[in-house]
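Good morning, and thank you for coming.

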Amino acid sequence: MNHPSWSRRRLLGALGAIPLAAACSPQTSRTAGDTLRIGIPVGPSNLNPLDSGSEVTRWIAEPVMETLYDYDENVRPVPLLAAKDPAISPDGLAWTIPLKPGVTFHNGDPFTAEHVVASLAHVAAFASGSEWVVYFLGYYAGARAIDAHTVEIKLNRPYGLLRSHLTNLPITHKSYAERKDAMMGTGPYRLDKVTAGLGYAMSAHPGYHGPKPAYPRLNFQIIPDGSTRVVNLRAGSVDVATELPVAALPLLNGQPQVAVHRMDAPIDLLTYVKAGDPPFDNQNFRLAVAHAVDRQAVNAKVFGGAATLGQGPIGPGERGYDPGLQIFPATPDLAKVRELLKEVKDPSFTLTISAGQTMEDIAQVLLQGWQRVGVTVKLEVLQGGPWAQRWIAGKYQMIMNRFSSGFTSGDANYLTLSPALSTSVLACGYHNKDVDAAIERIWATDDQTERDRLLQEVNAQITKDAVMFPPVYPKMIVGQRSSVSPLDPARMRISRLGTAHLRPRGATG
């Protein structure tokens with residue numbers, strides 16, 4: 001869908017036609033200095049962030065539930081609930097972590113090692129249904145409380161990337177590990193009220209172990225329509241608004257009281273094929289499909305030119321990104337594609353995507369490009385649960401979804417690369433012994449320089465073999481009012497909002 005330019009008449013019409021969502025959201029009677037109001041597109045059906053790594057859940061959980069480690073301004077892990085860095089045994093199989101004393105949960109219970117053990121047990125159990133399980137399978141052997149403030153984690157083999165996961169995995173109260181309807185953490189805010197379909201009301205935790213938050217209350221308002229979020233931000237009925245649509249950003253032109261942040265972040269369009277099964281076991285067919293992707297059209301029509309054109313699985317917000325990697329053209333090379341398809345008897349396949357307007361818009365652009373070269377594609381659109389089941393079961397030909405890896409691995413791209421590892425639970429049938437060895441080393445090493453080099457090498461090989469080829473790398477687009485202190489660029493680079501750290505402009509602390 002093309003987005004025409006915004007005239008003054010269209011701008012005024014949009015402002016008059018789009019209703020403000022704040023009128024029906026919880027706690028909207030609070031004053032701006034009393035409550036920080038965040039506009040989000042949707043609320044999760046499952047509130048437990050131990051089950052999900054998506055921003056839908058994690059933006060809400062971020063002020064409520066803390067992690068063992070946090071990120072500093074250089075996106076390096078620093079202790080938060082942990083008292084100091086882990087002590088790692090010489091063989092790399094035992095990690096001993098001392099915990100910060102004097103921390104309490106929102107219900108007054110002391111934070112102890114048993115809660116860390118319960119959180120780890122939940123995400124590592126295949127039966128829990130947690131998205132985190134793929135990060136622990138084959139590596140995690142268990143955890144135990146040595147004493148009230150010391151945890152020992154045992155591994156089956158060295159796993160240097162565990163430090164990244166410990167910087168992203170929320171720690172919950174043990175009695176909340178299995179719950180889907182509530183959150184209990186140690187963070188600066190506690191969750192007071194959930195209003196189905198409308199939002200989430202929070203208040204400052206009086207017993208918080210760190211600096212007192214500047215805002216007594218946080219109010220997350222669910223505003224499904226992107227243009228409405230933009231209008232609410234312009235009108236001042238929300239202070240921060242997420243996932244702003246590029247097409248509606250002209251509504252904010254000439255508004256000095258609003259800042260728009262466009263950040264490279266670990267936001268992936270998971271796009272890969274079942275390389276072990278027909279028709280994608282034919283490398284020429286894979287290359288033809290990848291070369292026929294109209295990357296420029298996806299960027300222009302779906303993202304308003306605000307994305308980066310794609311190549312391989314690793315994007316500009318992630319470790320291992322190589323801006324010089326250029327395997328596929330911006331627009332389809334029709335002659336090359338037809339040459340690659342010469343020996344292909346049945347150029348057809350099914351594309352399975354998750355339901356949602358953005359994903360469906362991307363798919364329509366892709367289908368048009370493939371149709372131009374004689375490739376017939378059936379589009380299969382599934383809701384989140386059925387899509388995930390099909391994905392994990394490996395029952396697809398080509399699959400696509402949007403995923404923010406920043407909430408699980410930070411800027412280290414784990415889940416996106418896993419299908420290329422032939423022994424992974426998510427394996428897509430691709431077999432390359434050098435890639436297997438490199439990915440195994442990427443997870444094992446704690447040498448970041450070595451990991452970055454190997455990530456670049458793996459990314460290049462997977463791209464050349466046309467196994468993973470996202471059309472674009474989207475940016476994180478967030479707007480905020482000037483009455484609020486600026487969002488932290490370091491946190492936005494890993495998809496965080498950092499709402500608990502914000503304060504009224506001019507406030508100290």
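Let me begin with salt bridges. The model before you is a predicted one, and a search of the whole structure finds 20 salt bridges.

Let us take the seven-stranded sheet. Its strands follow the order S8-S9-S10-S1-S11-S19-S12; the sheet is open and the pairing is mixed. Why is one side of S8 and of S12 left without a neighbour in the sheet? Strand S8, residues 189–195, and strand S12, residues 258–264, stand at the edges, and each has a single partner strand, so one side of each has no neighbour there.

I now return to the salt bridges. Arg190 and Asp192 form one, with their closest N and O atoms 3.7 Å apart. Arg190 is partly exposed, at 30% relative accessibility, and Asp192 is partly exposed as well, at 43%.

Next, please find Asp264 and Lys475, whose side chains meet in a salt bridge at 2.7 Å, N to O. Which parts of the chain does this pair tie together? Asp264 lies in strand S12 and Lys475 in strand S19, so the pair joins parts that are 211 residues apart in sequence. Asp264 has a relative accessible area of 28% and is partly exposed; Lys475, at 25%, is also partly exposed.

There is also a network of salt bridges, which links Asp70, Asp488 and Arg491.

We come to another sheet. Four strands make up this open sheet, in the order S4-S5-S7-S6, with antiparallel pairing. Its edges are strand S4, residues 87–88, and strand S6, residues 140–147; each has a single partner strand, so one side of each is without a neighbour in the sheet. S6 pairs with strand S7, residues 150–155, in the antiparallel sense over six bridges, and Tyr140 stands opposite Leu155 in S7. Helix H3, residues 113–124, lies across S6 and S7 and runs at about 170° to S6.

A further salt bridge joins Glu152 and Arg144, with closest N and O atoms 2.8 Å apart. Is each residue buried or partly exposed? Glu152 is buried, because its relative accessible area is 12%, whereas Arg144 counts as partly exposed at 45%.

Finally, I turn to helix H14, residues 448–464. Its 17 residues reach 24 Å from the first C-alpha to the last, close to the 24 Å expected at 1.5 Å a residue. At its start, a side-chain oxygen of Asp447 comes to within 3.0 Å of the backbone nitrogen of Thr449. Buried residues of H14 include Leu454, Leu455, Val458 and Ile462, and also Glu450 and Arg451. What do the buried residues of H14 pack against? Their packing partner is helix H13, residues 433–444. After H14 comes Ala466, which has a positive phi, near 55°.

Thank you for your attention.

Methods: Residues are numbered from 1 along each chain as its sequence is written. This is a predicted model: local features need pLDDT of at least 70, side-chain atom pairs count only at pLDDT 80 or more; totals for chains, interfaces and linings use all residues. Side-chain values use heavy atoms; hydrogens and water are left out. Two strands pair if DSSP finds at least two bridges between them. Helices (H or I, at least four residues) and strands (E, at least two) are DSSP runs, numbered from the N terminus. A salt bridge is a side-chain nitrogen of Lys or Arg within 4 Å of a carboxyl oxygen of Asp or Glu. Buried means under 20% relative accessible area, exposed over 50%, partly exposed in between (1.4 Å probe, protein chains only). Contact means heavy atoms within 4.5 Å. Axes are lines fitted to C-alpha atoms, for helices over the stretch in contact, and angles run from 0 to 180 degrees between N-to-C directions. The expected span of a helix is 1.5 Å times one less than its number of residues. A polar contact is a pair of N or O atoms within 3.5 Å; within protein, one must be able to donate a hydrogen and the other to accept it, and residues adjacent in sequence count only if both atoms are side-chain atoms.
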